[in-house]
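Here's a quick briefing to read with the model open beside you. Take it one topic at a time and find each residue as you go.

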Amino acid sequence: MENLEALKGFVTNAIDGIIFIDDRGIVSTINPSACRLFGYEPSEVIGQNVSMLMPQPDRQRHDDYLRRYHESHVPRIIGIGREVTAVRSDGTLFPVKLGVSEVVYQGVTLYVGFIHDLTQQKAYEAQLKQYASDLEELVERRTESLHKSVHDLEEAKAQIIESLEREKELGRLKSRFVSMASHEFRTPLNALQLSASLIGKYAESLESPEITKHVGKIKNAVGHLTAILNDFLHLEKLESGRIQVQAASVNLPELASEIAEEMQMMAKEQQQVTTQHSGTHATIVLDANLLRNCILNLVSNAIKYSPVDGRIAIHTAISETGCTISVRDTGIGIPEEDQVHLFEPFFRAANASLIPGTGLGLSIVSHYAALMGGTISFVSRPGEGTEFTLTLPVYDNHTGN
């Protein structure tokens, strides 16, 4: 009894269609999957000849097939299985894999048909054949195109070599131009910055808000031009591979103080740039120029993206394992969705689009930190400020290693 119940459960819940017929081809049992497959209710099929599920001419031949099998016991499907065409209640034809088994139960011969819908499989096969045909055609076209391309490449070889030589020459000219422009522009920009600061100082006694305002505009414009010039100069050197680490002894807190004093002149009205040092050591061995440029870039960004009364804090620390330089501001912060792209060249955060800048500074700092064997990280919250931290190795003061 348990085995019979298990068999009924199997038939009822089977994914494929299952149909039981007697030796005359009359359906005695059909499972739910077969009903869904053919579009019939069980009552519409049970008691009917199974040939109703077959198209012509198989429908009219089915009874003859059963008769021949009973006489000869030579199977065409029974115990073998094959692909056939079935017909749904609405008359549509579809391919199936049909397997038929002969079962003798309590002296009665039954036939069990297992029906697997091949519609999707046939569609996939047709699609694959079409893909194969398309691919063959594509290969032929590509082969023809390749032959033509090889011919064109042979003809263009001399032109490519000539073009490469021109590119090299243009690269050399660009490098010379950037170096020359840097030198020629930097001197008048420094003079303008100094003059603006002196005018501002001399004008203090006049108590003229207009003079103070315009002096501030001059200082900001000069600072902006200087930053752009520096960024392109540094990028050009990085691209050309002309930057080599020159390790030397550096007094880290002194360097930070010098930068703070220099950048205070470029700060907005009430901004304050402060420094703090931690640790018993003050001297490290690193590339002073690269380190200075990194800090300048970070402080410049902090000034640029902080309000007029913002606070910019430079914190330096030296330990046995390395040194850190952090620059913290109280500025606009960086949107979370933009943070992953922050060190990409020319990338600018969405909330910084109205603030002048090239988007090169942080990319350059990241490259410089890597050249010195270090890393740069940051923590930022929009509207609350940002803190960038350079983490650099400590070299031996005698060997520079």
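Leaving aside its neighbours within four places in sequence, which residues is Pro307 in contact with? They are Lys268, Gln271, Thr330 and Gly331, where contact means heavy atoms within 4.5 Å.

Before going further, keep in mind that this is a predicted model, in which local features need pLDDT of at least 70 and side-chain atom pairs count only at pLDDT 80 or more, while totals for chains, interfaces and linings use all residues. Residues are numbered from 1 along each chain as its sequence is written, and side-chain values use heavy atoms, with hydrogens and water left out.

**Around Pro307**

- You'll find Pro307 in the loop between H8 and E9; helices (H or I, at least four residues) and strands (E, at least two) are DSSP runs, numbered from the N terminus.
- Pro307 is partly exposed, with a relative accessible area of 36%; buried means under 20% relative accessible area, exposed means over 50%, and partly exposed is in between (1.4 Å probe, protein chains only).
- Pro307 and Glu269 sit 38 residues apart in sequence, and their C-alpha atoms are 9.4 Å apart in space.

**Salt bridges**

- A salt bridge here is a side-chain nitrogen of Lys or Arg within 4 Å of a carboxyl oxygen of Asp or Glu, and the count comes to 7 salt bridges.
- One of them joins the side chains of Arg88 and Asp117, at 3.9 Å from N to O.
- Arg88 lies in the loop between strand E3 (82-87) and strand E4 (93-105), and Asp117 is in strand E5 (residues 108-117), so this pair ties together parts that are 29 residues apart in sequence.
- Why are Glu137 and Arg141 separated by about one helical turn? They are 4 residues apart in helix H5 (residues 119-202).
- Glu137 counts as partly exposed at 42% relative accessibility, and Arg141 counts as partly exposed at 45%.
- Another salt bridge pairs Asp152 with Lys148, with the closest N and O atoms 3.1 Å apart.
- Asp152 and Lys148 are 4 residues apart in helix H5, so about one helical turn separates them.
- Asp152 is partly exposed at 33% relative accessibility, whereas Lys148 is exposed at 54%.
- Glu83, Lys122 and Glu125 are linked in a network of salt bridges.

**Helix H7**

- Helix H7 (residues 252-264) has 13 residues and reaches 18 Å from its first C-alpha to its last, close to the expected 18 Å (the expected span is 1.5 Å times one less than the number of residues).
- Its buried residues are Leu252, Pro253, Leu255, Ala256, Ile259, Ala260 and Met263.
- What do the buried residues of H7 pack against? Their partners are strands E6 (247-251), E7 (272-278), E8 (283-287), E9 (311-318) and E10 (323-328), along with helix H8 (288-304).

**Helix H9**

- In helix H9 (residues 361-371), the buried residues are Gly361, Leu362, Ser363, Ile364, Val365, Tyr368 and Ala369.
- Just after H9, Gly373 takes a positive phi of about 80°.

**Aromatic pairs**

- The structure holds 3 aromatic pairs: rings of Phe, Tyr and Trp (its six-membered ring) pair if their centres lie within 6.5 Å, and planes under 30 degrees apart count as stacked, over 60 as edge-to-face and the rest as tilted.
- Phe343 and Phe378 make an edge-to-face pair, 5.9 Å centre to centre with 65° between the planes.
- This pair links distant parts of the chain, 35 residues apart: Phe343 is in the loop between E10 and H9, and Phe378 is in strand E11 (residues 375-381).
- Phe378 and Phe388 form a tilted pair, 5.5 Å centre to centre with 40° between the planes.
- Phe388 belongs to strand E12 (residues 385-392), 10 residues from Phe378.
- Phe343 is partly exposed at 22% relative accessibility, whereas Phe388 is buried at 8%.
- Put together, ring pairs link Phe343, Phe378 and Phe388 into a cluster.
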